[in-house]
Amino acid sequence: MNNGGRSVDVTATPTVATDGRVATDGRTTTDGPVSVTDDEKAKTVVHLMLSFRHLCVVTVSLPLGAMVICFVTAYIFQPDEIHETHCRVYNIIPSISAITGVSPQRYLWRICVAFHIGPRILIASVYRSYYRGQLAAASILDASNEAVKRQGPLLLAACYWLNLIEIGALCGVTYISNRENYPVHEKIFILFMLCSLSHMLATLKLFKLVHPTMSGSEKASYAIKKFLFATSIASTIGLMLFFAKHRLLCHDMAFSWFALCEYVIASANMAFHVTVVFDFPAEKLIVARGLHSISGKKTN
């Protein structure tokens, strides 16, 4: 593990056995000390071990915290800038693009999204590996299940690539603001919405496919995912309706309702991704040397 920046050999720490004897390689034993060579001791060294659950929570907290700070500070100090629209009608709730497009809030938003992107790609890759393993196990347990064989690989690919495109679109709407290039910003935002909703739907179908019977935590994860997907669909319908009222009819408060729907969609999207805490409650992210030797011993 990581100890003040130093790499610690996890096999070199003595431990006391159940009968009071000490195992020379750090393993607990009831038959006396275990003798291993120095070469074997040096094989497995853990440099860093992080809770995957905590990493995911921090990853989602970055844009959420930045969005709250941008909203509060912009609403207090720059109300005229964030409420300005082409219709110039009464408005009380600014859009996310407005509060993250003014200075200095845009710098905080861009920095937090930059730190958010890397772990998101890692999480997408972990989910891909997880679902691939679940599909393989389901195929072995029920070889006659044609749905797993036909739909599983397609849903797996859809979940992974839609997630990556969603992440890329998030980068686009973040670094190409509506003030700098509105037509491009608008099209990337539409791409983000389509990929986000499609990814949620594909994830729900794949989750149900690989978990025909669910544990308590799996049921909770699936139920929350379904609720957040339904919330996103309803909010997207409202967002399109109020956007049309604002752009075509210039109704008072139409843009505020549009912005409210946008905040609900963003919050539901973040919450959907944080359901990873149910799917990976105790897993660790490890940077180590020699883990292949451990996996080899377990299979022998």
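About 190 Å³ of space lies in the second largest cavity of this predicted model. A cavity is a set of points, on a 1 Å grid over the protein atoms alone, where a 1.4 Å probe fits but cannot get out. Grid points are joined across faces, edges and corners, and a volume is the space filled by probe spheres set on the points. Lining residues have an atom within 4 Å of a point. The second largest cavity is lined by 16 residues, of which Tyr127, Asn163, His199, Thr203 and His273 are the closest to its centre. Helices α5, α6, α7 and α9 each give at least two residues to this lining, and α5 gives the most, with six. Helices are DSSP runs of H or I with at least four residues, strands are runs of E with at least two, and both are numbered from the N terminus.

This is a predicted model in which local features need pLDDT of at least 70 and side-chain atom pairs count only at pLDDT 80 or more, while totals for chains, interfaces and linings use all residues. Residues are numbered from 1 along each chain as its sequence is written, and side-chain values use heavy atoms, with hydrogens and water left out.

Is threonine 203 buried or exposed? Threonine 203 counts as buried because its relative accessibility is 5%; buried means under 20% relative accessible area, exposed over 50%, and partly exposed in between, with a 1.4 Å probe and protein chains only. Leaving out residues up to four places away in sequence, threonine 203 touches Tyr131, Cys159, Lys225 and Phe272. Contact means heavy atoms within 4.5 Å.

Thr203 also takes part in the contact between α5 and α7. Two packed helices are described by the angle between their axes and the distance between the axes. The axes of α5 (residues 105-141) and α7 (residues 182-210) come within 9 Å and cross at roughly 40 degrees. Axes are lines fitted to C-alpha atoms, for helices over the stretch in contact, and angles run from 0 to 180 degrees between N-to-C directions. On the α5 side the contact is made by Tyr131, Gln134 and Leu135, and on the α7 side by Thr203, Leu206, Phe207, Leu209 and Val210. By class, this contact has six nonpolar, two polar and no charged residues. Ala, Val, Leu, Ile, Met, Phe, Trp, Tyr, Cys and Pro count as nonpolar, Asp, Glu, Lys and Arg as charged, and the others, Gly among them, as polar.

A pocket is an open set of points with protein on both sides within 12 Å along at least five of seven lines.

| Space | Volume | Lining by class |
|---|---|---|
| Largest cavity | about 430 Å³ | 14 nonpolar, 10 polar, three charged |
| Second largest cavity | about 190 Å³ | eight nonpolar, five polar, three charged |
| Largest pocket | about 820 Å³ | 13 nonpolar, eight polar, six charged |

Among the 27 residues that line the largest cavity, Ile96, Trp109, Leu170, Phe192 and Ala266 are the closest to its centre. The largest share of this lining, six residues, comes from α9. In the largest pocket, the residues closest to the centre are Tyr182, Phe243, Arg247, Phe255 and Phe258. Helix α7 gives the most to the pocket lining, with eight residues.

The protein as a whole has 11 helices and six strands. Buried residues make up 40% of its 300 residues.
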